[in-house]
Amino acid sequence: MDMDMDRREESRTLATRRATDADIDNAMNAVADFQRKWEEFQNRFDRVNQAFIQKISESMKMSSFESDGIEYDDGKAKTEEMAQQVATMLKTAKHAMVLTGAGISTNAGICDYRGPNGKWTMEAKGLKPKTLPIDHLVPTYTHMTLRALLESKTIKKIVSTNVDGLHRRSGVEAAKLTEVHGNCFVERCNECGATFERPFPVRREMARKDKRTGGKCTKCTTCEPLVDTIVNFGDSLQKDEWEAVADFASTKCDLLIVLGSSITVMPTAGLPTVIHNNKHPVVIVNKMKTPHDSIALKVHCDTDAFMRAVVNKLKHVAPRLPPPARKVYAQVERTAWRLKNGCCCEDLLDEDEPTPEENQKQTYPPKKASLKKVSFKAASKTEPALPPVSTGTATSSKKASSPKKRTSSLKKRSVPSLGKPPRY
């Protein structure tokens, strides 16, 4: 009897000891696993913290940079020398990327922002900047050259901070273009994310700060009107679009060419630093100083003149002729176009209709700004394939009818002829 009790007690003791050993092993494994995860967290935190500090320092550098407001010119001889260097870089690069700013559109008749005659510079002086309406613009030589470089696979991607839509108008494929600040001719559905390119600026003339465009999504059943894609100060960029740019810049890009941009607005202002840190060359073509001049091959020159010099060195690239000017749509014509194509949000029709007093104040076209003549080297005699946008002119009506009835207010209102587009 006593022996049986002793055996049972010994068995319980042995089981308890085994359980204790197992608990100790589990506890030791848990501690080791915790230490491993803690070290991973610390390493990840250090990387994120370092990247955050770098972004803060870059932002402070951008905000503290003050341009002297002077436009410089390197002269023809130095420009030709720089063009030869850039042409050589383009021949050897496998994943070249181009970042464009307002400076490439000034020859189209639109003003930049920080130049001597720029929008912000003139407004600071209490003056009105001279610029053509956005739907009167024709792509410049630089726009057409960038399209040719994409088609020849000399460059792989274009990132633009411009909203004028001239890259798309020149024929650049949407898949190879990222317009980080939006496009005046593109509207988006917030429900399904679909985007639609229109033949006219999508922002309503009477809407002021309202982002609703009056368009209706034809790809989903949402009742909400479409919104414009313009990114204002304080707005967030499209996450998927910017992540694709950041990934390309950090993993693939081996040459960055900046054309006509002051590179002071984040996050695009951080691209030159990313490329430079990866030991790849950066080229900046701008008449004014930028905060990244010290890490780049800097060219003080007009972008059209520089790209013409680069094309002469490359030989295999021949820019096409630019497309004709767009047809100018009055607000009532835009609404009629939407109704005809089944993409009109009728809830906003009453808000879109101008009063008789507003009709009398509207003048078409606004005063023209002077255009600089540029020349193009045509690749062929045939007209390039471009996005389908109707062209033409119409005669003017003396007075618009009162919008008492919706049917009468939606009649086509013609506008005076803008004349022939400038010759190139």
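Mentor: Phenylalanine 200 counts as buried, because its relative accessibility is 1%, where buried means under 20% relative accessible area, exposed over 50% and partly exposed in between, with a 1.4 Å probe and protein chains only. Please keep in mind that this is a predicted model, in which local features need pLDDT of at least 70 and side-chain atom pairs count only at pLDDT 80 or more, while totals for chains, interfaces and linings use all residues. Residues are numbered from 1 along each chain as its sequence is written, and side-chain values use heavy atoms, leaving out hydrogens and water.

The structure holds three aromatic pairs, and here rings of Phe, Tyr and Trp (its six-membered ring) pair if their centres lie within 6.5 Å, with planes under 30 degrees apart counted as stacked, over 60 as edge-to-face and the rest as tilted. Phenylalanine 200 and tyrosine 329 make a tilted pair, at 5.4 Å centre to centre and with 55 degrees between the planes. This pair links distant parts of the chain, since phenylalanine 200 lies in the loop between strand E5 (195-197) and strand E6 (227-228), whereas tyrosine 329 lies in the loop between helix H8 (303-314) and helix H9 (331-340), 129 residues apart; helices (H or I, at least four residues) and strands (E, at least two) are DSSP runs, numbered from the N terminus. Both phenylalanine 200 and tyrosine 329 are buried.

Phenylalanine 200 also pairs with tryptophan 337, and this pair is edge-to-face because the ring centres are 5.3 Å apart and the planes stand at 85 degrees. Here too distant parts of the chain are linked, with tryptophan 337 in helix H9, 137 residues apart from phenylalanine 200 in its loop between E5 and E6. Tryptophan 337 counts as partly exposed, because its relative accessibility is 21%. Taken together, Phe200, Tyr329 and Trp337 form one aromatic cluster.

The charged end of arginine 326 sits over the ring of phenylalanine 185, 3.8 Å from its centre, where a charge sits over a ring if NZ of Lys or CZ of Arg is within 6 Å of the ring centre and within 35 degrees of the ring normal.

Aspartate 228 is buried, with a relative accessible area of 3%, whereas arginine 203 is partly exposed, at 32%.

Asparagine 183 has its place in the loop between E3 and strand E4 (186-188), and is buried, with a relative accessible area of 1%. Leaving aside its neighbours within four places in sequence, asparagine 183 is in contact (heavy atoms within 4.5 Å) with Val163, Gly165, Arg168, Thr229 and Ile230.

Strand E3 brings us to the sheet. Six strands form an open sheet in the order E3-E2-E1-E7-E8-E9, with parallel pairing, and two strands are said to pair if DSSP finds at least two bridges between them. The edge strands are E3 (177-179) and E9 (297-299), each of which pairs on one side only. From one strand to the next the twist averages 15 degrees, where axes are lines fitted to C-alpha atoms, for helices over the stretch in contact, and angles run from 0 to 180 degrees between N-to-C directions. Within this sheet, strand E7 (residues 255-259) and strand E8 (residues 282-285) run parallel and are joined by four bridges, and isoleucine 257 has valine 283 in E8 as its bridge partner. Helix H4 (residues 141-151) packs on the sheet, touching strand E1 (96-100), strand E2 (157-160) and E7, and its direction makes about 150 degrees with that of E2.
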